[in-house]
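Me: I should like to learn how to read the main features of this model, one at a time. Please give the general idea in each case, and then show where it applies.

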Protein chains: 2
Amino acid sequence: VQRGWQVVIVTQTGARPLIEAVLERVAARGAFPLLRMGFDWPFHRFWVKHAPEDLLTQLPSIDAFERENCDAIVTIEGPSNTRQGSDLPAERFALWREALRPYSRRVFEHELAWVVSQHPTPALAQEAGMTLAQFEDFFYGSVLIDWDALEAEMEQIAARFDAGKSVRIVGDETDLTLNLEGRNGRVSTAKTNLPSGEVFYSPLETSAEGVITFTEYPACYAGHQVGGVRLRFEGGVVVEASAASDEGFLLTTLDTDEGARRLGEFGIGCNPGIRTHTRNTLFDEKMDGTIHLALGQSYTDLGGTNESAIHWDIVKDLRNGGRIELDGEVVQENGAWKL
Amino acid sequence: VQRGWQVVIVTQTGARPLIEAVLERVAARGAFPLLRMGFDWPFHRFWVKHAPEDLLTQLPSIDAFERENCDAIVTIEGPSNTRQGSDLPAERFALWREALRPYSRRVFEHELAWVVSQHPTPALAQEAGMTLAQFEDFFYGSVLIDWDALEAEMEQIAARFDAGKSVRIVGDETDLTLNLEGRNGRVSTAKTNLPSGEVFYSPLETSAEGVITFTEYPACYAGHQVGGVRLRFEGGVVVEASAASDEGFLLTTLDTDEGARRLGEFGIGCNPGIRTHTRNTLFDEKMDGTIHLALGQSYTDLGGTNESAIHWDIVKDLRNGGRIELDGEVVQENGAWKL
């Protein structure tokens, strides 16, 4: 954060101690903090729920000006109830995301500085099945680690996948092939996500073939938790989808737009502090021994061309009998690297 | 609120039920709500406290754009602690108010729609010396009244003062003369303040002569409560000032700028639901049987020419032996009208 910057802070009231520490430090650096605090996610849920439908795809000039002119966005999630927002009709939410799309480009293409983090709240602890004290231990155990050492390890993993082409993911009810040819990965360090710790790619948009079943954990998105998601891909497109619970939300979300049925991301979790799924994507997608796929928007700066109003990360655990093959060679088995 | 409007909602977390009702209704009308919520007043206190001093008089472009382009401002005070902000150095606060001055003109001159209200919180009840239930009764008893009937009464009072010139306020340690010649008053109805119920003027800037002592109640401003304020005016200017407590804050505030020593407002409280001082200016200044004077910024649309970064309303109770004379005639005595 530099002097003169305009720093938008998107947050929720549960994160108060961290919000106030950030406000103080941003101001002390001579950067102007613009606090955008709601009680729960998402910030615009009253608008999404109650606005006339024909206005949902429009962004008011004040909001647009802010998104075009801010120098940094600090997102600090601190929900009091993780299910808030789950009552928003997916169709209306998609219209609103459409309004935001021209502006999210600045974030995806790193035209501005940004970081996403959380503050441990009772609601997040509850979602994780932990006491607040347990969750705080888990939280700081994944955030306060030796980032330089982890970065070096992740660079090795990325180098190997950068040089490879075909990725095969095998696991419980899962056999899926992707192609990364010509695509470089990104090592996620503690600069944009806290916790961080993943290596991720935008795979070739037409390459996904086969089946993946997320038997271990629910797929969490927009306040929903969809159990037992099963996706079958042909030529990069989801041609069959089912779920053990909340299947309607899965199917509606896949119909958001054309890009919602293609992959925007293949990610590999590498954070050794995260061994437990907490129904909290920011953490779950970094879990060591897992991979995740994101439906929807790809990373244009990683060569991705898929466009969508959604970006839904879903985590697959490979620690119990799963493996990753790269160009026919097993590079990870039961969550352990064989590089 | 009209379709297409951009409605800024400035508020604090304690007002949650009212905030959410407003967000829903604004959105349902097709007006875009822009929530600017902090934990406590003032919204920018971290900036005022910690920013480099040379930046304090500047407004960042995003904030300026919002203030120039919003169609309405809804302020809903809902503090969790009424003393927050009282630690802000008055000099730094004055610099920040300087930055806001070009934009507050839109509010003072009614270029946009605005309303100021509150939501009854434990902190406001505590300040009033009441339980929350007692304060809620008091609160709604002053807000949910017959506004049409009160407006008719206030119109009579305003007509009388509009036609008059010299106002003399006599009371405990008080004998002060003002001139309203050529100035019209405004009847405050429930459109911009809730509770409402006052008739107010911007008196001639050079007219105040004499002494007023606010013996009954503290003068509340910026989180401070200054006891026993005594002001002596000559030619419209405060030439002597003292206080029984927190005198330093009074003197510093009077030195904010040239206009801070002149009167911007003479107001007459008319709300029959407000019989008790609650250290809450929005209510206190409407108390039936009281008058108030504001140091600082005047109402340009009422003919006022005094400019200042401050506007500090201070309430004087006239119900116990006080009186108001208009051109030599007693028009109110012991708080009762003799019109």
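Me: What span should helix α1 (residues 16–28) of chain A have at 1.5 Å a residue?

Reply: The expected span of a helix is 1.5 Å times one less than its number of residues. Helices (H or I, at least four residues) and strands (E, at least two) are DSSP runs, numbered from the N terminus. The 13 residues of α1(A) should therefore span 18 Å, and the end C-alpha atoms are 18 Å apart, in agreement. This is a predicted model, in which local features need pLDDT of at least 70 and side-chain atom pairs count only at pLDDT 80 or more, while totals for chains, interfaces and linings use all residues. Residues are numbered from 1 along each chain as its sequence is written, chains are lettered from A and ligands numbered from 1 in the order in which they are written, and side-chain values use heavy atoms, with hydrogens and water left out.

Me: Which residues of α1(A) are buried, and which are exposed on the other side?

Reply: An α-helix has 3.6 residues a turn, so residues three or four places apart point the same way. Buried means under 20% relative accessible area, exposed over 50%, and partly exposed in between (1.4 Å probe, protein chains only). In α1(A), the buried residues are I19(A), E20(A), V22(A), L23(A), V26(A) and A27(A). They cover an arc of only 160° around the axis, which puts them on the same side of α1(A); the arc is that of the directions from the helix axis to the C-beta atoms. P17(A) and R25(A), on the other side of α1(A), are exposed.

Me: What covers the buried residues of α1(A)?

Reply: Contact means heavy atoms within 4.5 Å. The cover includes β1 (6–12), β2 (32–38) and β3 (72–77) of chain A, together with α2 (45–50) of chain B. Just after α1(A), G30(A) takes a positive phi of about 80°.

Me: How is chain A superposed on chain B?

Reply: Copies are superposed by least squares on the C-alpha atoms of residues with pLDDT of at least 70 in both. Here a rotation of 180° with 0.0 Å of shift along its axis superposes chain A on chain B, with an RMSD of 0.0 Å. The two copies are thus related as by a two-fold rotation axis. The same surface serves both copies, as 100% of the contact residues of chain A recur in chain B.

Me: What is the strand order in the open sheet of four strands in chain B?

Reply: Two strands pair if DSSP finds at least two bridges between them. The order is β2-β1-β3-β4 (chain B), with parallel pairing. The edge strands, β2 (32–38) and β4 (113–118) of chain B, each pair on one side only. Within the sheet, β1 (residues 6–12) and β3 (residues 72–77) of chain B pair over five bridges in the parallel sense. V10(B) has T75(B) in β3(B) as its bridge partner.

Me: How many residues of strand β15 (residues 290–296) of chain B are buried?

Reply: Seven of the seven residues of β15(B) are buried. Strand β14 (residues 263–269) of chain B pairs with β15(B) in the antiparallel sense over five bridges, and F266(B) has L293(B) as its bridge partner. Strand β16 (residues 311–317) of chain B also pairs with β15(B) in the antiparallel sense, over seven bridges; L295(B) stands opposite W312(B) in β16(B).
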